[in-house]
Amino acid sequence: MGSLGTEGAFEVLARAKMLEAQGRDIVHLEIGEPDFATPANIVEAAYAAMQHGATHYTPAGGLWEVREATARYVNRRTGVDVEPGQVVLVPGSKNVLHFALLSLVEPGDEVIYPDPGYPIYSSLAAFVGARPVPIPIREANHFRLDVDELRSLVTDRTRLLIVNTPANPTGGALTREDCMAVAELAAERDLVVVTDEIYGRLVYDGDHVSLYSMPGMAERTILMDGMSKAWAACGWRLGWGVMPLELAQRFEKLMINTSSCAAAFTQYAAVEAFESPDSDRAVESMRAEFKRRRDFVVEGLNRIPGVRCHLPVGAFYVFPNIEETGWNERDLADSLLNDAGVACLWGTAFGSYGAGHLRFSYANSVDNLQRALERFAAHLAATPAPVRA
Ligand SMILES: Cc1ncc(COP(=O)(O)O)c(C=O)c1O
């Protein structure tokens, strides 16, 4: 248990809730969850499924017709021909990462993961006894991983590479050229890749490029995705992994030994999410609203003295650089919560290369974003950075 980490977002949320219980007004920009309701047609589909008896166990890998629908969806998105047997439905995409590590990695193997990155990557890698090796994700490189740097980190012990595009917490995304170069390196060094594309529907400039779709990648890649972000359905707990058949069979065995199956009615709801034009319209309208908020918050942050904010390509986070304010990111995040009523995360909650940054989620209304920006600017103007020994 000692090697297991946690998510700063849940920790800050708990502290913010405590302050609210004491009567404080807090703007919540800490948690990575869309603030929209799950589209009504998807809710209706789940309800209808329940009424028609989808309230029992399903096969461990998921209902066959839902695996078929997922395969069709992945094919539409990536162009790759996917067999339903290559799809495993799980209660939340986090399980895909956990199962990949459990089924592929031996103690002492190296797992390369993005830093700053989703904290669960290094936490679970360490938990299974692997050595997590960070690949720095730098602002100077538009928060894309540098493939030459990645190459220099691969050793004979490297077993798995974790990629996240578009990324939490930076909003950076790989270009087609980056994906091609990663694919070449993976083939050359015989790497297995987990590509976490849970934010793939939330790209604001250009189209999402899937690493899974690169030549030769389907046979060495586990695609990790789910309903949580694109369809504002975090609480439904439905994710999927797409991978080579033999690996999918290992995942099914892990499902039998853990959750048994994802909830039956959420599986049916996923078919509605994939195949209904109403769902596509809902995703598009949420994406358009996120884009409006992104532009609003980036512009507002860049107007605050000492703050510099890169325009993220996707997801719903901004990762402003606060070095010139003189504050350390942890102190600033704490004092923004305690003194200014703005809940956000410090960059190092996502790894040591997140130093000098904060992360704000813009999955919140423009009014609340405006209030947060005003409070942030006023706080910096009124409060000198603490002097550190
Ligand atoms: C990059 C990334 N991957 C995976 C997840 C987990 O998603 P799920 O709800 O499907 O478990 C999150 C959630 O915040 C995330 O930010």
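In this predicted model, the second largest cavity has a volume of about 50 Å³. Its lining is made up of L29, V297, L301, V342, F360, L369, A372, L373 and F376. Two elements, helix 10 (277-302) and helix 12 (366-382), each give two or more residues to this lining. Helix 12 makes the greatest contribution, with four residues. By class, the lining of the second largest cavity consists of nine nonpolar residues, with no polar and no charged ones.

The count of cavities of 30 Å³ or more comes to two. The largest cavity holds about 120 Å³ of space. It is lined by 17 residues, and I137, F143, L145, N164 and A167 are the closest to its centre. Strands contribute to this lining: strand 5 (144-145) and strand 6 (158-164) each supply at least two residues. Strand 6 gives the most, with three residues. The lining of the largest cavity comprises ten nonpolar residues, six polar residues and one charged residue.

Open spaces were examined in the same terms. The largest pocket contains about 490 Å³ of space. Among the 29 residues that line this pocket, E7, G32, K94, Y118 and K229 are the closest to its centre. Helix 1 (8-21) and strand 8 (221-226) are the elements that give two or more residues to the lining. Helix 1 provides the largest share, namely three residues. The lining of the largest pocket has 14 nonpolar residues, together with eight polar and seven charged residues.

At least two residues of the lining come from each of helix 3 (64-78), strand 8 and helix 10. Helix 3 gives the most, with five residues. The lining of the second largest pocket divides into six nonpolar, five polar and nine charged residues.

Strand 8 supplies residues to the lining of the largest pocket and to that of the second largest pocket. Helix 10 supplies residues to the lining of the second largest cavity and to that of the second largest pocket.

How values were computed: Residues are numbered from 1 along each chain as its sequence is written. This is a predicted model: local features need pLDDT of at least 70, side-chain atom pairs count only at pLDDT 80 or more; totals for chains, interfaces and linings use all residues. Side-chain values use heavy atoms; hydrogens and water are left out. On a 1 Å grid over the protein atoms alone, a cavity is a set of points where a 1.4 Å probe fits but cannot get out, and a pocket is an open set with protein on both sides within 12 Å along at least five of seven lines; lining residues have an atom within 4 Å of a point. Grid points are joined across faces, edges and corners, and a volume is the space filled by probe spheres set on the points. Ala, Val, Leu, Ile, Met, Phe, Trp, Tyr, Cys and Pro count as nonpolar, Asp, Glu, Lys and Arg as charged, and the others, Gly among them, as polar.
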